[in-house]
Structure formats: structure tokens, C-alpha cells
Amino acid sequence: TEGPAGRRALTGLTEGPLRQTNGVDCGVFLCATALHLAFNAKLDTVTQQTADYWRKRIAAKLLDSQLLV
């Protein structure tokens, strides 16, 4: 659907904003959320408990020069 100024609007987001429970995982949450939104995936796998998994996955993709999930 179209949002303001003809830009694509996000739809189907039923979850509230994701928040880390510490002061160090904000970048992990940002990158993991961006990946999920880019691929229209559910955000339920991005939690504080899975932050280590996402940190390692993002680092591996960056070191391997692959940005696709």
C-alpha cells in the first residue's frame, strides 16, 4: 500500500517495537529488524534471547561479504 507522498507503507505489523533489555544490543536489533522487514519476515525471532545468534549471523554475513539472509 502507499503511504504519505506515494511511499510504500509497511502493513501487517502487529508486534510492538522491538527493544533490547540491555545497553549493548541496539545495533543487533536494528540490523536484524531491517533484515526481517526487507524480506517481509515475522519479527518474532528477534528477541533478547536470540541476540547472540543474530550478532554472529550478521558478523558472518559481513565477513563473508554477503548481505542476503
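Good morning. I give both values because a pair of aromatic rings is described by the distance of the centres and the angle of the planes. The two partners may also be described by their accessibility. Y53 has a relative accessible area of 43%, so Y53 is partly exposed. W54 has a relative accessible area of 7% and is therefore buried. Please bear in mind throughout that this is a predicted model.

The chain contains two helices and zero strands. It has 69 residues, of which 16% are buried. Its accessible surface comes to about 5400 Å², and 59% of that surface belongs to carbon and sulfur atoms. Among the contacts with a separation of 6 or more, 39% are accounted for by residues 24 or more positions apart.

Which residues make up the largest nonpolar core? There are six: V28, F29, A32, V46, A51 and W54. Two helices, α1 (26–38) and α2 (51–63), each supply at least two residues of this core. The most is given by α1, with three residues. Beyond its neighbours within four places in sequence, A32 is in contact with V46, W54 and I58.

The buried residues of α2 are A51, W54 and I58. Why do these residues lie on the same side of α2? They cover an arc of only 65° around the axis, and this places them on the same side of the helix. What covers the buried residues of α2 includes α1. The face of α2 turned away from its buried side carries the exposed residues K56 and L63.

Another residue found in helix α2 is R57. R57 counts as partly exposed because its relative accessibility is 26%, a value that falls between the 20% limit for buried and the 50% limit for exposed. R57 and A32 are 25 residues apart along the chain, and their C-alpha atoms are separated by 9.4 Å.

Finally, I would draw attention to the backbone at two positions. Most residues other than glycine have a negative phi. N40, however, has a positive phi of about 55° although it is not a glycine. Where is N40 found? N40 is in the loop between α1 and α2. With a relative accessibility of 68%, N40 counts as exposed. The other position is S65, which follows α2 and has a positive phi near 60°.

Thank you for your attention.

Definitions and conventions:
Residues numbered from 1 in each chain as written. Predicted model: local features only at pLDDT ≥ 70, side-chain atom pairs only at ≥ 80, totals over all residues. Heavy atoms only, no water. Core = buried A, V, L, I, M, F, W, Y, C linked by side-chain atoms within 4.5 Å. Buried < 20%, exposed > 50% of the residue type's maximum accessible area, 1.4 Å probe, protein only. Helix = DSSP H or I, 4+ residues; strand = E, 2+ residues; numbered from the N terminus. Contact = heavy atoms within 4.5 Å. Arc of directions from axis to C-beta. Areas by Shrake-Rupley, 256 points an atom, 1.4 Å probe, with all protein chains shown as cover.
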